[in-house]
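Trainee: Could we go through this model together, one topic at a time?
Mentor: Gladly; have a look at it first, and then ask away.

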Amino acid sequence: MQLTYFLLFLPLAFATVVPRADPCEASADGFATKGTGTTGGAGGTVVTVSTQTDLEKYAAASGPYIIKVKGKITITPLGKEIPVANDKTIVGIGSTAEIYQGGFGMNGGKNVILRNLHIGNTGATADTDYDGFQIDTSSNIWIDHCLFENGQDGLIDSRKDTTYLTVSYNVFRNHNKVFGIGWTDNVTSEITIHHNYFLNTTQRNPSADNIKHAHLYNNYLYGVTSYGHYSRGSTEMRMENCYFENTKDPVTRDDTAKLAATGNTYKSVTGTTAANSGSVFKASDYYAYTLTATADVPSYVKANAGPQASICPS
């Protein structure tokens, strides 16, 4: 009887328990998948934060963390950029998580995911360097489904050879210097920017300076008053199925830059639209992607960009 008892329960003793994936995790796309890949805090400790103290603690901690932000966190002092260490996912719960009057910063880091957050409202009368997310000399970053607005300096500044960056399904609105890329003489960075909504902005939408491979597709620009997508310096840019409406100088290119723009729509635009120039890389040689039909871009992007309750329910 003892032997029978042991054999009966032997399969249970050696059963494998497979942990359920956190519903707030997702997979990056575009150039963020290259190099060592972008997984953020996958497989690490999961924490929920609702205070600046806890957010700073876990964002700077060593090792992988999935940091879920609950509700509105007001950052002090005004404009502080919370340092983010390697292997972090920072994701908002529901559609109301907010980093108010502050932002994030990386320097020399890698493997960070920032999703489903409302970031900004650091506007000030003085000329200060308050960014929504400043990224210096870092790699493998995915910024997705965030709302950036009313900052002071840049909503996103990708600087000093930051590479393997994907920026997708974000809303950028009510701001001057929106999204600057560059601050280097090297031409090494590879960046994907897709399905973003630039609304009532001025310049740097984005300004892509000295980028080895810049792939922009299915972005919707409305009410831009200075210039739209800008291939700058020695950048090589492929632009596909973007929709420009009520926008000044929708596509700009320096004489030294390369540009292949196809499938775009220009509605009620003013100023100039740069001509294509040079031999430009094919994004499909680097990763798979699916284009949204240009005519559908305004409605699709407006419905899907920015924080969504379904991305991280709890």
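**Sheet, disulfide and rings**

Mentor: Let me start with the open sheet of 10 strands, which has parallel pairing and the order 1-2-5-8-11-14-17-20-23-26. Strands (E, at least two residues) and helices (H or I, at least four) are DSSP runs numbered from the N terminus, and two strands pair if DSSP finds at least two bridges between them. This is a predicted model, in which local features need pLDDT of at least 70 and side-chain atom pairs count only at pLDDT 80 or more, while totals for chains, interfaces and linings use all residues. Residues are numbered from 1 along each chain as its sequence is written, and side-chain values use heavy atoms, with hydrogens and water left out.

Trainee: Which residue stands opposite V69 in strand 5?
Mentor: Strand 2 (residues 65-69) and strand 5 (residues 88-92) run parallel and are joined by 5 bridges. Opposite V69 you will find G92.

Trainee: At what angle to strand 2 does helix 2 run?
Mentor: Helix 2 (residues 52-59) lies across strand 1, strand 2 and strand 5; contact here means heavy atoms within 4.5 Å. Its angle to strand 2 is about 160 degrees.

Trainee: Which cysteines form a disulfide?
Mentor: A disulfide counts when two cysteine sulfur atoms lie within 2.5 Å, and the structure holds 1. With sulfur atoms 2.0 Å apart, the pair is C24 and C312.

Trainee: How many residues apart in sequence are the parts that C24 and C312 tie together?
Mentor: C24 lies in the loop between helix 1 (2-13) and strand 1 (45-49), whereas C312 lies in the segment after helix 3 (297-304). Both cysteines are buried, meaning under 20% relative accessible area, with exposed over 50% and partly exposed in between (1.4 Å probe, protein chains only).

Trainee: Is the disulfide of C24 and C312 right-handed or left-handed?
Mentor: The torsion about its S-S bond is about 75 degrees. The disulfide is therefore right-handed.

Trainee: Why is C146 too far for a bond with C312?
Mentor: C146 is buried, at a relative accessible area of 0%. The closest cysteine sulfur is that of C312, and the distance is too far for a bond because it is 12 Å.

Trainee: What is the angle between the planes of F31 and Y287?
Mentor: Rings of Phe, Tyr and Trp (its six-membered ring) pair if their centres lie within 6.5 Å; planes under 30 degrees apart count as stacked, over 60 as edge-to-face and the rest as tilted. Both F31 and Y287 are buried, and their rings are 5.1 Å apart centre to centre. The pair is edge-to-face, with the planes at 85 degrees.

Trainee: Over which ring does the charged end of K72 sit?
Mentor: The test asks for NZ of Lys or CZ of Arg within 6 Å of the ring centre and within 35 degrees of the ring normal. K72 has its charged end 4.0 Å from the centre of the ring of Y100.

Methods: Axes fitted to C-alpha atoms, helices over the stretch in contact; angles between N-to-C directions.
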